[in-house]
Amino acid sequence: MKMANENKADFRVKIQRFGSYLSGMIMPNIGAFIAWGIITALFIPDGWTPNEDLAQLVDPMIIYLLPLLIGYTGGKMIYDGRGGVVGATATMGVIVGTDIPMFLGAMIMGPLSGWLIKKVDEYIQPKVKEGFEMLINNFTAGILGMLLTLFAYYSIGPVVFGLNQVLAAGVEVIVNAGLLPLANIFIEPAKVLFLNNAINHGILSPLGAGEAAEAGKSILFLLETNPGPGLGILLAFMIFGKGSARLTAPGAGIIHFFGGIHEIYFPYILMKPALILAAIAGGVSGVFTFALFNVGLVAPPSPGSIFALMAMSARGDHLGVLLGVIVATVVSFLVAALILRTGKQNEEEDIAASAAKMEEMKGKKSSVTGTFTSEKEVNPVEEQGIESSKVNKIIFACDAGMGSSAMGASILRNKIKKEGLDIDVTNTSINNIPSDADIVITHKDLTSRAKEKLPTAHHISVENFLNSPKYEELMKDLK
């Protein structure tokens, strides 16, 4: 039994890592996707303000800019800027080798190129004579980039093109058959477990961008980001919940619906697993409504806030998108209310314990756990002391590099600003920790990965990014 549990955990970690790499190539570039989406919505012939000259930006951005950014990011995740350059270079092979937006090809060639140039450097650099380092480094990157570009053009490009065609045809068949809402039977449970970013940014966003390039919008951007299912569950807890769950539900609802941080409602489902049926029912009904009104978004909304959904809605689709969110909320609320009223509830049900369970299942720290708890953490700051005079950069790192780490970085940045200290505090993903970071702050489950990435930094493990007592300990050391 123990062996089976360990194997299951190992498998989950591998999926998390793979999902993290997929979403990690897309999420840093979401701003570029949104810029392209706005330009498309405004200037294409059917846009808000048609402009023939400015509409010429649409195709080059989605065919060249976005795949190149993904390829560069994928290579950089593996081998910093050098891997990024070779990754972007090799991505040109799949771009020119096909006539469709080559997101999937970029997600293959970027990491592959970064890994290969890293291996080449590990083999060649120890043998380079003093004074020839720059010459050798430039030529090894250039030659490998050239070879990978040709390989991508002749081999990867055609294969990925065929795969893209199959995926696009599959999506079209599902949509035409009216079966797209059924996708939420899988999406909603996967969100609650650990794959929300991987599903949305690793799979749906690239497919949706290709569809939006042809049709001007895509319903795929709405499958995972609809805040309706989670809002319905939280509303049900506000009315029919008990104990701390009922007390925290209003605040969680605001963060979820307006802030777009969906993981805020995951602990409520884990506390009462039958509520996953409410999330599924809400998701299915919401997508059914979107399909019924033939609505879509012009670019991926990030985060999944109602404001982001409205901002990214295609021209004339705002009402349909809003109706889909409302329908999902109502259906989810009704199912959740039925479950809460007919099932047993403990007055002292511990939402904090459910939040901890969520983090254990996700394998990473959640930015929202502080909404439910402010537990005192164990294990003080890592072993070696901090020389405050040598601290110039503090990095908060989480799995995706956005929600959890961004909120933690904001808290510490304000503390440092109040003390008048000249220290840069930023956030990033584990895979992109910069080499010049002096202090790296991570959730305790991610510290080992952070140390592997940058062993020379001072590492601090926390259990709660929002209200860790270690921030005060760190401030004392820095002062």
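Leaving aside its neighbours within four places in sequence, N184 is in contact with P189, L223, I280, G283, V284 and V287, where contact means heavy atoms within 4.5 Å. Before I go on: this is a predicted model, in which local features need pLDDT of at least 70 and side-chain atom pairs count only at pLDDT 80 or more, while totals for chains, interfaces and linings use all residues. Residues are numbered from 1 along each chain as its sequence is written, and side-chain values use heavy atoms, with hydrogens and water left out.

N184 is found in helix α6. Helices here are DSSP runs of H or I, at least four residues, numbered from the N terminus; strands would be E, at least two. Is N184 buried or exposed? Its relative accessibility is 0%, so N184 counts as buried; the cut-offs are under 20% relative accessible area for buried, over 50% for exposed, and partly exposed in between, with a 1.4 Å probe and protein chains only.

The side chain of N184 has a polar atom 3.3 Å from the backbone oxygen of L223. The N184 side chain also makes a polar contact with the side chain of E188, at 3.2 Å. A polar contact is a pair of N or O atoms within 3.5 Å; within protein, one must be able to donate a hydrogen and the other to accept it, and residues adjacent in sequence count only if both atoms are side-chain atoms.

E188 lies in α6 too, which covers residues 184-215. E188 is buried, with a relative accessible area of 1%. Not counting residues up to four places away in sequence, E188 touches L223, P229, Y265, I276, A279, I280 and G283.

Next, the helix pairs. The axes of α7 (residues 228-240) and α8 (residues 243-259) come within 8 Å and cross at roughly 155°. That makes α7 roughly antiparallel to α8. Axes are lines fitted to C-alpha atoms, for helices over the stretch in contact, and angles run from 0 to 180 degrees between N-to-C directions. Angles under 35 degrees count as roughly parallel, over 145 as roughly antiparallel, 65 to 115 as roughly perpendicular and the rest as oblique. Residues of α7 that meet α8 include L234 and F237, and those on the α8 side include A249 and H256.

For α3 (residues 58-96) and α4 (residues 103-124), the axes come within 9 Å and cross at roughly 30°. These two helices are therefore roughly parallel to each other.
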